[in-house]
There are 2 protein chains.
Amino acid sequence: MNAAFSHPEPVAAILQAIRAVVGPRQVPLHEPCFAGNEWVYLKECLDSTFVSSVGKFVDRFEAELASFTGARHAIAVANGTAALHVALLLAGVRPGDEVLMPALTFAATANAVAYCSAVPHFVDCEQRTLGLDPHALRDYLQSIAEIRSGQCFNRSTGRPLRVVLPMHAFGHPMDIEATLAVARDFHLQVVEDAAESLGSTVGGRHTGTFGSLGTLSFNGNKTITTGGGGAILVNDSALAKRAKHLTTTAKMPHRWEYRHDEVGFNYRLPNLNAALGCAQLEQLPGLLRSKRRLFELYAAAFARVSQVHLVAEPANCSSNYWLQTLLLDEAVADRRDQVLAATNDAGLMTRPAWTLMHRMAHFSACPRMSLPVSESLERRLINIPSSAQLAQSASA
Amino acid sequence: MNAAFSHPEPVAAILQAIRAVVGPRQVPLHEPCFAGNEWVYLKECLDSTFVSSVGKFVDRFEAELASFTGARHAIAVANGTAALHVALLLAGVRPGDEVLMPALTFAATANAVAYCSAVPHFVDCEQRTLGLDPHALRDYLQSIAEIRSGQCFNRSTGRPLRVVLPMHAFGHPMDIEATLAVARDFHLQVVEDAAESLGSTVGGRHTGTFGSLGTLSFNGNKTITTGGGGAILVNDSALAKRAKHLTTTAKMPHRWEYRHDEVGFNYRLPNLNAALGCAQLEQLPGLLRSKRRLFELYAAAFARVSQVHLVAEPANCSSNYWLQTLLLDEAVADRRDQVLAATNDAGLMTRPAWTLMHRMAHFSACPRMSLPVSESLERRLINIPSSAQLAQSASA
């Protein structure tokens, strides 16, 4: 028995396992599914001429998002980045503050901090959830933070540590409950980046509704899409009112006067995009079922593949399985780019993790803890084709 | 002959003149007109599943905008505010700079300056164009500015005066050529806020193409709409490339890697909204003809109304007549709110000028010159119903 036999070629094995699920055709990473009232509502919206900043679909989309997630209020906005920006401002982030966030995330999480003229402070992840590690965060804060007059400060930079901003990576819920406990002990606000986790829950409660504010994204690659769009989830009614005000140019209500009471943003979701969102929300339960079924199909296909692990939802959580995620064993981590090349060459779109935030030149000077798990995940992580339709066609 | 007879009641006279043009029904201020391929392109976009951040309608919309305006490049973005923000950054605006801009404008113009952590510096307007007065600006700069090492500074604040940001109010072209001459003499960049002036030209050249960068808006109340949307117009190819990069999260091109080389923005126009824009652009020449015809109808109706003046395009300019604009004589300026109340009560939607920027608490400490013309225009200006359809139904 030679080494090649006991550790079979991971590149070919992964290709074969994906093909076993998705069949012989070209497959994108994630494709939207328009199988319901999308067309009907778009037409209704166009016929009403209310395609822009106000309209019944915006109101309805917000009400239905609140109902689905269990948040008291949902404020529809232009995209997930806009939602994060305003959520951070409303959580009290001020210029010169530090915001604790995972190094393993999409650039928007760190960019939104930068828009507030605040400083991202990078925290390690845990492999179990792919999200921020609250236990590592607690240990770290015990060594670098101090509380003065009820406010947490970074002892070495002297800057306020205002907010912790966890992110539910690829739809898998991170350990939000332990994070809330750390935040309580260190006087931090929690803003939850749930851009990827619409439909994901922890103990039955929807991600994005644990922190003071949460954010969603409806970009074209997400579980449901509005073309471009996002939302802020919030329970506090005063914050919800502020969120609506700030995202709609901070105009003061008046029959005809154009007067604004602060620097506001044009972060409105057009009614046209909300119309698409209303139709997509109707499809969401079925899409979530299909995406779970796709996970099961991949789990069966990858059970036979050694040195590769398909990431499952953490205990006591339900993942929306937005992007199906493989982790290579460390022993074959150096094959990652070969897997990416071979799959993409074969018309199966795959992608690695985001380059860790602290590796980008513009964030390289930001404070950070040691990031061994994030760095390991970055080396080993591969997302594979994840559209809900794949489960439907596979089971047909 | 009593005073009432020589100066007839302006409120009733204005109401009557508007009714003479628009007929007896309820009329909004400005309603979009979807009479072409809007329906076809939206359906085609949905069927393609490319509704989001990339797609053929985005490329086509950008190419057709460039062709229509004569700009070498057009970059489609989420809205006019986003376009302004990025145009100012690309014109070199840095934190602590001052940006010269009219006090009479929509809040977005000043907000975009604030997003750059720069300071709006308010300049007076001229009644002839409703836009920034380049002659008043020149006189003012001669008294407050100094050039050091090729850079203009405000002598009293010590801050760099980096950019002048004129705006073509209600579609009427401001005196951009004289403004360019002032900018040259004082080493200022020119960014043109053409949010309201798609289709308006000066000497045959499209507004928004005179400065280093120009911006457009396709909000629901504009001449054409994409639901929400905007564009950056620019001739310099390197700036155009930077504009596309900055508005699309500054992601570096790579087959699968997610790496960004600066803090970017999620300011993309979704393909769904661009599809609507492509259909609307096809309608634009006809809409412009109708809006000009509506001006002529109002001009005839208001010719008989004393103490009220309908604003016409400046000499050597073609206005898109986005919002038809009345100016009350100073003698009856105190009747403005009565006119607004009477018309809106009658179902004819009208509005005053924007509250001048320096009157808002958050901009009240910004530097400004004396603003007598802006203040006079603010007291006397009323926009009346302006939809293109009004000319079509009136002439039918």
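This is a predicted model: local features need pLDDT of at least 70, side-chain atom pairs count only at pLDDT 80 or more; totals for chains, interfaces and linings use all residues.
Chain A is divided into two domains. Domain 1 is made of residues 7-29 together with 283-395, and domain 2 covers 38-280. Taken over C-alpha atoms, the centres of domain 1 and domain 2 of chain A are separated by 25 Å. Where the two touch, domain 1 of chain A contributes 34 residues and domain 2 of chain A contributes 39 residues. On the side of domain 1 that touches domain 2, the elements giving two or more residues are α10 (271-302), β13 (317-318) and α12 (372-380) of chain A. The largest share of that side comes from α12(A), with 5 residues. Sorted by class, the side of domain 1 of chain A that touches domain 2 has 21 nonpolar, 10 polar and 3 charged residues.

Helix α10(A) also packs against another helix. Two packed helices are described by the angle between their axes and the distance between the axes. For α4 (residues 56-69) of chain A and α10(A), the angle is about 35° and the axes are 8 Å apart. The crossing of α4(A) and α10(A) is left-handed. From α4(A), the residues that take part are F57(A), V58(A), R60(A), F61(A), E64(A) and F68(A). They meet N271(A), A274(A), A275(A), G277(A), C278(A) and L281(A) of α10(A). An α-helix has 3.6 residues a turn, so residues three or four places apart point the same way. By class, the contact of α4(A) with α10(A) has 8 nonpolar, 2 polar and 2 charged residues.

The next element is a sheet in chain A. An open sheet of 7 strands has the order β1-β11-β10-β7-β6-β2-β3, and its pairing is mixed. The edge positions are held by β1 (73-77) and β3 (119-123) of chain A; each has a single partner strand, so one side of each is left without a neighbour in the sheet. From one strand to the next, the twist averages 25°. Within the sheet, β6 (residues 161-164) and β7 (residues 189-193) of chain A pair in the parallel sense over 2 bridges. V164(A) stands opposite V190(A) in β7(A).

Two helices of chain A lie across strands of this chain. Helix α4(A), described above for its packing on α10(A), lies across β1 and β11 (230-234) of chain A and runs at about 135° to β1(A). Helix α8 (residues 176-185) of chain A lies across β6 and β7 of chain A, at about 155° to β7(A).

How many residues does each chain give to the contact between chain A and chain B? Chain A gives 52 residues and chain B gives 52 residues. On the side of chain A, at least two residues each come from α3 (38-48), α6 (107-115), α10, α11 (336-345) and β15 (351-352). Helix α3(A) gives the most to the side of chain A that touches chain B, with 5 residues. That side of chain A has 21 nonpolar, 21 polar and 10 charged residues.

In chain B, strand pairing can be followed through β6 (residues 161-164). Strand β2 (residues 98-102) of chain B pairs with β6(B) in the parallel sense over 3 bridges, and V99(B) stands opposite V163(B) in β6(B). Strand β7 (residues 189-193) of chain B runs parallel to β6(B) and is joined to it by 2 bridges. V164(B) stands opposite V190(B) in β7(B).

Why is helix α6 (residues 107-115) of chain B largely enclosed by the rest of the structure? The reason is that 8 of its 9 residues are buried. The buried residues of α6(B) are A107(B), A108(B), T109(B), A110(B), N111(B), A112(B), V113(B) and Y115(B). Their cover includes α5, β2, β3 (119-123) and β7 of chain B. Just after α6(B), S117(B) takes a positive phi of about 55°.

Helix α9 (residues 237-247) of chain B has A240(B), A243(B), H245(B), L246(B) and T247(B) as its buried residues. What covers them includes β1 (73-77), α5 (80-90) and β11 (230-234) of chain B. T249(B), which follows α9(B), has a positive phi near 70°.

L297(B) is partly exposed, with 18 other C-beta atoms within 10 Å.

Notes. Residues are numbered from 1 along each chain as its sequence is written. Chains are lettered from A and ligands numbered from 1 in the order in which they are written. Domain bounds come from an automatic or database domain assignment. Two residues are in contact if their C-beta atoms, placed from the backbone, lie within 7 Å. Helices (H or I, at least four residues) and strands (E, at least two) are DSSP runs, numbered from the N terminus. Ala, Val, Leu, Ile, Met, Phe, Trp, Tyr, Cys and Pro count as nonpolar, Asp, Glu, Lys and Arg as charged, and the others, Gly among them, as polar. Axes are lines fitted to C-alpha atoms, for helices over the stretch in contact, and angles run from 0 to 180 degrees between N-to-C directions. A crossing is left-handed if the near helix is turned anticlockwise from the far one by less than a right angle, and right-handed if clockwise. A residue is buried if 20 or more other C-beta atoms lie within 10 Å of its own, exposed if 12 or fewer, and partly exposed in between; C-beta atoms are placed from the backbone. Two strands pair if DSSP finds at least two bridges between them.
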